[in-house]
Amino acid sequence: MIFGKWRWLYFLLTIFTHCVSHAQVPGYQGKRTGISLDANIAPAILYGISHDIWGPNFRSGINIERVLSRRFSMGLSGYYFQTRAAYFQPTSGIAGRVQNKAFATGIQIRNYRFWRRGNIAPIGPYQKLEVLYVYYQVSDSSRQFPPGGQEMLGRFHDLAITLTIGTQRILKGNFTYHYGIQTGTLLSLFNANFESSADPQHLGAARIIRNLSFTVNFGIGMLL
């Protein structure tokens, strides 16, 4: 009698429990925030041939990712990297090498291919679009750049944009790893000067563009 009176409530509770138990919550096992250490690397072949300075383009950083839905996530990023460049002033015959120290912070959005079975953010193939604020300083350890005698040649800033195509996987528990390829550039691309006779700002911008142009991206992290 009592059951018959409240059977409609029992029916609704049964349906509600069934729906909740089968709902797909964004993230992985309820974890929606990821933190990772990243690295980007590529050989500086073209630069080595033209200016006789060899070595890889390397960029290290940290990323924080927050899952928004089955398909999208957003995040913050920060990077540090150094580059070198050679200069030559044809009128005076002065030559030397400058060093770039660059810091970059930015925001990113990832688009996961959630329509593939099992690929729900933050797992599986993704495309990442990133906008960066880049601050860099150019110094001359040889102190030959005109007018001469100064080591610090200037501090500059710019905006950059990068596009990454990669994939992210889950290891045991909360640990993740990802890998992919990345391309990017400074927004002042057409103001950069790749000639060794350029001024420090344009020479520094050219080296940063080369560093961003094409790299292999990989990293490890954890989900919280």
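In this predicted model, the side chain of Arg110 makes a polar contact with the side chain of Tyr112 at 3.4 Å. A polar contact here is a pair of N or O atoms within 3.5 Å; within protein, one must be able to donate a hydrogen and the other to accept it, and residues adjacent in sequence count only if both atoms are side-chain atoms. The side chains of Arg110 and Gln108 are likewise joined by a polar contact, of 3.3 Å. Arg110 sits in strand E4, residues 94-112, and counts as buried because its relative accessibility is 2%, buried meaning under 20% relative accessible area with a 1.4 Å probe and protein chains only. Leaving aside residues up to four places away in sequence, Arg110 touches Glu65, Arg71, Phe72, Ser73, Tyr126, Gln127, Lys128 and Gln168, with contact meaning heavy atoms within 4.5 Å.

A cis peptide bond, with omega of about 10°, joins Ala121 to Pro122.

Turning to the whole protein, there are four helices and eight strands, taken as DSSP runs (helices H or I, at least four residues; strands E, at least two) and numbered from the N terminus. Of the 224 residues, 42% are buried. Among contacts with a separation of 6 or more, 64% are between residues 24 or more positions apart.

Residues are numbered from 1 along each chain as its sequence is written. Local features need pLDDT of at least 70 and side-chain atom pairs pLDDT 80 or more, while totals for chains, interfaces and linings use all residues, and side-chain values use heavy atoms, without hydrogens and water.

Methods: Buried < 20%, exposed > 50% of the residue type's maximum accessible area, 1.4 Å probe, protein only.
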